[in-house]
Amino acid sequence: MSTAKESAAARDLPAGVAIEGEIEPGFERVLTHDALAFLADLSRRFEARRAELLAAREARQAAFDAGTLPDFLPETEPIRTGDWRIGSIPDDLLDRRVEITGPTDRKMIINALNSGAKVFMADFEDALSPTWHNLMQGQANLMDYWRGTIGFTDPVSGKRYDVGPEPAVLFVRPRGWHLPEQHILIDGAPIAGAFVDFGLALFHNAALQREKGTGPYFYLPKMESHHEAALWEDVFTHSESTLGLARGTIKATVLIETLPAAFEMDEILHAMREHIVGLNCGRWDYIFSFIKTFRAHPDFVLPDRAQVDMGRAFLKAYSELLIKTCHRRGAFAMGGMAAAIPNRRDAQANERAMKAVRADKLREVQAGHDGTWVAHPDLVPVAREVFDAHMKGPNQLDRLREDVSVGQKELLEIHEGARTEKGLRVNIRVGVQYIEAWLRGHGAVPLYNLMEDAATAEISRAQLWQWIRHGARLEDGRTVTADLFEALLRDEMDGLREVLGSEAFEGGRFEEAIGLFRDLVLADELAPFLTLPAYELIA
């Protein structure tokens, strides 16, 4: 029997392209010669700039570590004060009041498209563990959707799944600029995951999307500057030219989920003004970014994660500034994800979750957001009810929020609140269990009535690192130390083993997850992303 590499080598690959992953049945439809040539072209044209921008991130972080505080850029003041607006918005994107997100497995895609949400974001990023199988199967599923062949019968339950007559508008979220794809080599080096996820989705589906009256729409994650947005703009423009698409066909919404990007929202909109339609409050990654940005600053130590809420301090300031900025430029201001999920086995827990979701969505619609995110189909009616009651038109672009006055001080205001042993334990439980599930190929994991993804796991490990690094004091007077962390980690894992059973615990990947989590929390330097070392364990 030939090996996967031998099988790939025997295929007609473009010059300089190598496939290191197994070509499972159906993957050959995704990894065609022309599609791979398109990816290779993107990589050769833009990889050097991507690398330069990642180096610029490190340089800016070093300046933050040395005491520089994030602020608005003096050199781009004319953009912030200028009178300009973004380009046109397609008709099928004018009403985005409820958007659902999730990974790209077949059942999830169908259920999300049928959920009643206006938009479904098929996620190759935080809600997907980037195993080779997950990535390629996800691309194949998207191809099948646009070709009308995605329906299937579950072999276990016998239930039939088909896309209904009024599906949600489809967006795709590729991986961020920092993540590699080690299974595709271009001239001997791994290609950027962003080029793979974006490039394959666009190459295979753009023409069909246009035929069906929609278009290639993308959510772009984890940018830290308008220079990174300008790179995406050039990737879009070049891709349109290469594939014979009219300029401006590709449309994007950018997630503002890093603290540096919050000071460059005008600039990001301006850099992508031919292709962008809005910004989104990526709240969970934003909290992680706040910790990461101020990793060297003891004055910016946050309280328990549960107390860092959207209604006050830096999160409230950033969300209101996003609304004001977007609406001034004719762009959508999308709300963020409510992490609470339904609990069908516990009526009281379910009602608490629904109450929390309603309150979160009411805050967003009353603030002026044009739509919001949910992670579970059962939450679509809840969010829809709130937005329908308080947003009578398709959006709120006419709410300019000129009453909002947000500057550097407001964007850096930390939340008041306690640091508790309970908060420590929650971070440990969530962080380890999420990483363990991620290593097994699951990127969206329900834990303790919340939907956890890579962003919330990042908060868990980064907050523990921050508390230990700066000797944070708990409300009971104890100082958070490495020894305290180790003791609680052992206790929590003993409890988890008891709950799951030794067989399930040993049969999973907990040993690796615990080891990685401990290394991340106790490292001398805060790692920029947990998914980078975790990827080495699955690639």
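Let's start at one residue. The side chain of Asp453 reaches the backbone nitrogen of Ala455 at 2.9 Å. This is a predicted model, where local features need pLDDT of at least 70, side-chain atom pairs count only at pLDDT 80 or more, and totals for chains, interfaces and linings use all residues. Residues are numbered from 1 along each chain as its sequence is written, and side-chain values use heavy atoms, with hydrogens and water left out.

Back to Asp453. It sits in the loop between β15 (450-452) and α17 (454-469). Helices here are DSSP runs of H or I with at least four residues, strands are runs of E with at least two, and both are numbered from the N terminus. Asp453 is buried, yet has no salt bridge. Buried means under 20% relative accessible area, exposed is over 50%, and partly exposed is in between, with a 1.4 Å probe and protein chains only. A salt bridge needs a side-chain nitrogen of Lys or Arg within 4 Å of a carboxyl oxygen of Asp or Glu. What is the nearest side chain of opposite charge to Asp453? Arg173, at 4.8 Å. Setting aside residues up to four places away in sequence, Asp453 touches Asp126, Ala127, Tyr434 and Gly443. Touching, or contact, means heavy atoms within 4.5 Å.

Next, the cores. A nonpolar core is a set of buried Ala, Val, Leu, Ile, Met, Phe, Trp, Tyr and Cys residues joined through side-chain atoms within 4.5 Å. The largest has 142 residues. Phe120, Trp232, Ile256 and Leu279 touch the most other members. A second, separate core has 38 residues, and Tyr434 is one of them. That is the Tyr434 touched by Asp453.

Now the rings. The whole structure holds 23 aromatic pairs. Rings of Phe, Tyr and Trp (its six-membered ring) pair if their centres lie within 6.5 Å; planes under 30 degrees apart are stacked, over 60 edge-to-face, the rest tilted. Take Tyr219 and Trp373. Their centres are 5.2 Å apart and their planes are at 75 degrees, so the pair is edge-to-face. Tyr219 is in strand β9 and Trp373 in strand β13, so the pair ties together parts 154 residues apart in sequence. Tyr219 is buried at 0% relative accessibility. Trp373 is buried too, at 6%.

Phe485 and Phe517 make a tilted pair, 6.2 Å centre to centre, with 50 degrees between the planes. This one links helix α18 to helix α20.

Last, a cluster. Trp177, Phe195, Phe198, Phe218, Trp232 and Phe236 form one aromatic cluster.

Definitions and conventions: Lys, Arg positive; Asp, Glu negative; His and termini not counted. Polar contact = N/O pair within 3.5 Å; in protein donor to acceptor, adjacent residues only side chain to side chain.
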